[in-house]
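This explanation goes through a predicted model. It begins with a pocket and then turns to a pair of helices and a sheet.

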Amino acid sequence: TRKIDMNDKLVGRPIRLNKQVLTPRGGYAEIMWIGDVHYGSPQCDRQRFLDNLAYCLKNGVYVLLMGDLCEVATRHSVGAGVYEQENVAEVQHEQMVEWLRPLAKKNLIIGSHQGNHCERIYKETGFNMSKALCRELKIPYLGDACWSEFRVGNQTYDVYSLHGRTG
């Protein structure tokens, strides 16, 4: 047998593996990838986000959270976001947990990535808001990137996902 090295050769960190068994509904499982909501930003389309959550809850659609759910601008963020955003980071976080809780209770959230906006808080304070969200909702924390193995009936799907960064 071949031993699999689960270390990322680029940075020496363990590679995350998110194993999930998805219950087929109507013969298949559906996943919605939700990210870059930026709740708190004046540009956030809150109603579209809430409509997507309601759709997933009503139809049993699984959700993979892709990061940057909240704006969480700080004094050191680029631009004037800290002065333009709705509410402070803590209030943004609490509201996001409240919105996502019904999906989490139905086991429809299959993981959440760290985004660069929540990373702002981590860099300045050492507090990882993404991990806190996952602990509160009891869902897998996927870090910046991970492999997922989704089992649906007799079929297995391997998916690599990450938030990504630009600039």
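The residues that line the second largest pocket are Met32, Trp33, Ile34, Gly35, Asp36, Val37, Asp45, Arg48, Phe49 and Asn52. Two elements, strand S2 (31-34) and helix H1 (46-59), each contribute at least two residues to this lining. Sorted by class, the lining of the second largest pocket holds 5 nonpolar, 2 polar and 3 charged residues. The space in the second largest pocket comes to about 150 Å³.

Helix H3 (residues 89-105) and helix H5 (residues 129-137) have axes that come within 10 Å and cross at roughly 35°. The crossing of H3 and H5 is right-handed. On the H3 side, the contact is made by Ala89, His93, Met96, Val97, Leu100, Arg101 and Ala104, which meet Met129, Ala132, Leu133, Glu136 and Leu137 of H5. Of the residues in the contact of H3 with H5, 9 are nonpolar, 1 is polar and 2 are charged.

Strand S6 (residues 145-152) and S7 run antiparallel and are joined by 8 bridges. In one of the pairings to look for, Trp147 has Tyr160 in S7 as its bridge partner.

Methods:
Residues are numbered from 1 along each chain as its sequence is written. This is a predicted model: local features need pLDDT of at least 70, side-chain atom pairs count only at pLDDT 80 or more; totals for chains, interfaces and linings use all residues. Side-chain values use heavy atoms; hydrogens and water are left out. On a 1 Å grid over the protein atoms alone, a cavity is a set of points where a 1.4 Å probe fits but cannot get out, and a pocket is an open set with protein on both sides within 12 Å along at least five of seven lines; lining residues have an atom within 4 Å of a point. Grid points are joined across faces, edges and corners, and a volume is the space filled by probe spheres set on the points. Helices (H or I, at least four residues) and strands (E, at least two) are DSSP runs, numbered from the N terminus. Ala, Val, Leu, Ile, Met, Phe, Trp, Tyr, Cys and Pro count as nonpolar, Asp, Glu, Lys and Arg as charged, and the others, Gly among them, as polar. Axes are lines fitted to C-alpha atoms, for helices over the stretch in contact, and angles run from 0 to 180 degrees between N-to-C directions. A crossing is left-handed if the near helix is turned anticlockwise from the far one by less than a right angle, and right-handed if clockwise. Contact means heavy atoms within 4.5 Å. Two strands pair if DSSP finds at least two bridges between them.
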